[in-house]
Amino acid sequence: APEDVGAATVDELRAFVESNADALEQARPAMDRECGVPVKYSMDYLDGVSEPGQSLRALSRLFQAEGKVAAADGHTADAIRSYLDAVRLGDQSMRGGLVLDRLLGGAIGSVGREGLRELSADLSEEECRQVIRALESINAGREPLEAALAREHDFTEAVIRDMGLSGILVARTLRQQKQHGVELAERSANRHEAKLRLLMIDLAISGFKSRAGSYPQSLAALVP
């Protein structure tokens, strides 16, 4: 799998997508089911999170590659679907998880948002509207950050209890580390929201230009 999808040629991406067609076929219906990270409130949980994280990142690159191939072939609707699926994957991969899962999901979703941003200038007004509606729907269904922060608190306290006397000695350090993670998650959530809003504005501007033949004189012109 290419580590940098943006630097790969279309032929390389096409080969990557074709060789992983089964993964794409299985992933899409799986994301329509109820998803959740199987968190274990014990010390050994973090030892096993890296492998699923790597698999999710690989799947996001696969959606990204599929979108780039579709766009290069002029199949705009297919490219839209691929990039929206990457956004959906990011949201689904963080559901039920801890702060670490939240940060991973944000990084995965950014792959799809960037693809849509690159595609936006070539979309029709109706396509822009469809993408905006899809992004709004995904955003509305996102698990609140507060749920992940509550689980992070419970996880930290469970680890401290599991460690016994050692937990008492390092409790302050673990709680400080938890607080640092909370702050990272809050900043990441704010960036995610800002970038999502900017993407939807880009799409609205592109849709206006597609219809009117020129850019709007102000953002007020984008309001239906």
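Predicted model: local features only at pLDDT ≥ 70, side-chain atom pairs only at ≥ 80, totals over all residues.
## Ground rules

Local features need pLDDT of at least 70 and side-chain atom pairs pLDDT 80 or more, while totals for chains, interfaces and linings use all residues. Residues are numbered from 1 along each chain as its sequence is written, and side-chain values use heavy atoms, without hydrogens and water.

## An aromatic pair

The whole structure holds 1 aromatic pair. Tyrosine 41 and phenylalanine 155 form this pair, with 6.4 Å centre to centre and 55° between the planes. The pair is tilted. (Rings of Phe, Tyr and Trp, the last by its six-membered ring, pair if their centres lie within 6.5 Å; planes under 30 degrees apart are stacked, over 60 edge-to-face, the rest tilted.)

Tyrosine 41 lies in the loop between α2 (21–31) and α3 (50–72), and phenylalanine 155 in helix α7 (residues 145–162), so the pair ties together parts 114 residues apart in sequence. Tyrosine 41 is partly exposed, at 36% relative accessible area. Phenylalanine 155 is buried, at 6%. (Buried means under 20%, exposed over 50%, partly exposed in between, with a 1.4 Å probe and protein chains only.)

## Two packed helices

Helix α6 (residues 125–140) packs against helix α8 (residues 165–212) at an angle of about 160°. Their axes are 8 Å apart. (Axes are lines fitted to C-alpha atoms over the stretch in contact, and angles run from 0 to 180 degrees between N-to-C directions. Helices are DSSP runs, H or I, of at least four residues, numbered from the N terminus.)

Contacting residues include Val131 and Leu135 in α6, and Leu196 and Leu203 in α8. (Contact means heavy atoms within 4.5 Å.)
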